[in-house]
Amino acid sequence: MHNMKDRIGLSLGRSVVPSPGRWEGRRIRGQRVGPAERRGDGLDTTGRIIDVHTHFIPPEFLNAADHPAWGAAVEKRDDGDRWVVHDEGFAYPLDEGFLGGQAKLDDMDARGIDFSIMSLAPTLFYYWIDTAEGVAFARMANDSLAQTVASSGGRLVGTASLPMQDPQAAAEEYRRCIQELGFVGAHVGTTIEGEYVDRDRYLPLWEAVDDLGAPVILHPYYIGPKVGYEDYYLTNIFVNPLDTALAAGRLIFSGLFDRLENLKFVLVHAGGFLPYQIGRFDHGWRVRQESRISLGRPPSEYLDRFYFDTITHHDLALKWLIDLVGSQRVVLGTDLPFDMADPDPVGRLDRVADSNETRRLVGGSTASELFNLKEAATSGRTR
Ligand SMILES: [Zn+2]
């Protein structure tokens, strides 16, 4: 394996073997749960292509205009396409694939994707509305996604959307989704209406994640303009990767990973700017006392608490990411059906992978272990 230790002398320090915890209860501290212990008689996802990053919009949202608290509407435009329009300004085509169903499965077939982990469109995080409304929306969206998953013939699984306005309620919804709906992880904003996720108030959720072990996909979001970045679609193409790097960096520097050893995150858009700047993080930690307040080891030693999707839009960038963090830390993603998606992630992986092993790991094997998909597939068939 090529990793940063080989390349630039920084130490990654710890094992990079995926080691997801058990979903059903608190794991024993310090005990890594190996794949053999968890492997049931579920579907064999080895060698299959798994998309860990694709988005869902509940069919219930088609009636958004009937719900004033949601601040959005689905409009039919002159060309016949439906668009989601948020009161704050952001608008995008409502591709049929957002709704799950046959359109999603057909699209996966066309792109060579066997299995998808669906997460709510981040435009529907609704952290910005009244707490009770936010709790109700998350619950509705999760129940709707569970129905879509149940009718997918075993090709879709879901992650939980959480009402982060109320971290305790978010923790409860996370537990409900993992333990009752059979979801395989959670989907959380990189900030919560401008507040950073390393703040103590979010600890109830991170403790629940540490307990159950199902990972969190961190995803940037916006529904209106971001001050100073309105031009050139910089809100998305620049601020999204910036937000991801900032959130991951703050989680590292806060020392949270030393307190919660089972906490794992997937960083979308290939980790934003984080991988490229990790050497700078380490240098700052060495020369500046402020960076060491909560962290006893260099930031790069915590890279193995993160997984990175493949959405680089650039073959060399993906190749370099795999070299940096290891093929065991990169998982295929698309961001479909948004227009910023990678339309041919399998083709890119085929061009970039330098071995069958890399293709197998990045294409789906690591995701299968990380999200415990064999057990999810089994429980899905018995429900
Ligand atoms: Zn996305």
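This is a predicted model: local features need pLDDT of at least 70, side-chain atom pairs count only at pLDDT 80 or more; totals for chains, interfaces and linings use all residues.
View 1. Of its 383 residues, 49% are buried. Take the contacts between residues at least 6 apart in sequence: 74% of them link residues at least 24 apart.

**View 2. A cis peptide bond between Leu336 and Pro337.** Here we look at the backbone where Leu336 meets Pro337, with omega near 0 degrees. To find your way, follow the loop that runs between strand 14 (330-331) and helix 12 (345-352), where Pro337 sits.

**View 3. Glu193, a residue other than glycine with positive phi.** The phi angle of Glu193 is near 50 degrees. Look for Glu193 in the loop that separates strand 9 (191-192) from strand 10 (195-196). Glu193 has 11 C-beta neighbours inside 10 Å, so this residue counts as exposed.

**View 4. His313, with a positive phi although it is not a glycine.** For His313, phi is about 60 degrees. The loop shown here lies between strand 13 (306-309) and helix 11 (315-325), and His313 is part of this loop. Is His313 buried or partly exposed? Because 15 other C-beta atoms lie within 10 Å, His313 is partly exposed.

Definitions and conventions:
Residues are numbered from 1 along each chain as its sequence is written. A residue is buried if 20 or more other C-beta atoms lie within 10 Å of its own, exposed if 12 or fewer, and partly exposed in between; C-beta atoms are placed from the backbone. Two residues are in contact if their C-beta atoms, placed from the backbone, lie within 7 Å. Helices (H or I, at least four residues) and strands (E, at least two) are DSSP runs, numbered from the N terminus.
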